[in-house]
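Here is a short report on a predicted model. It covers selected residues and a helix pair.

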Amino acid sequence: GNNHTDTADSYNNIGLALRGKGQYDEALEFHNKALAIRESVLGNNHTETADSYNGIGNALDGKGQYDEALEFHNKA
């Protein structure tokens with residue numbers, strides 16, 4: 001379903017692939033979808049939620065938004 005951790009994993013993997021292609025805005029969309037599921041189902045202190053924070057941080061880093069990226073890496 002839409003709020004299952006497997007769905008979040010798929011969103012995260014799509015985000016990784018898009019980031020690898022340099023499509024950072026699209027990657028952020030999918031990493032944010034994964035994060036929303038993981039925060040609601042697993043909470044803020046789960047390792048998978050931390051993976052989402054890192055994915056968002058890496059995508060922001062790719063866009064040159066270093067301060068915002070650092071905020072997400074610190075959350076992880």
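## Y66 and the model

Y66 lies in helix α4 (residues 66–75); helices are DSSP runs of H or I, at least four residues, numbered from the N terminus. Y66 counts as exposed because its relative accessibility is 54% (exposed is over 50%, buried under 20%, partly exposed in between; 1.4 Å probe, protein chains only). T47 is 19 residues from Y66 in sequence and 23 Å away in space, C-alpha to C-alpha.

The model is predicted: local features need pLDDT of at least 70, side-chain atom pairs count only at pLDDT 80 or more, and totals for chains, interfaces and linings use all residues. Residues are numbered from 1 along each chain as its sequence is written, and side-chain values use heavy atoms, with hydrogens and water left out.

## H31

H31 is found in helix α2 (residues 24–42). Its relative accessibility is 0%, so H31 counts as buried. Beyond its neighbours within four places in sequence, H31 is in contact with residues including N12, R19, S52 and I56 (contact: heavy atoms within 4.5 Å).

## Packing of α2 and α3

α2 packs with helix α3 (residues 47–62) at an angle of about 160°, and their axes are 9 Å apart. Axes are lines fitted to C-alpha atoms, for helices over the stretch in contact; angles run from 0 to 180 degrees between N-to-C directions. α2 is therefore roughly antiparallel to α3 (over 145 degrees; under 35 is roughly parallel, 65 to 115 roughly perpendicular, the rest oblique).

Among the residues making the contact are H31 and L35 of α2 and S52 and I56 of α3.

Notes
Helix = DSSP H or I, 4+ residues; strand = E, 2+ residues; numbered from the N terminus.
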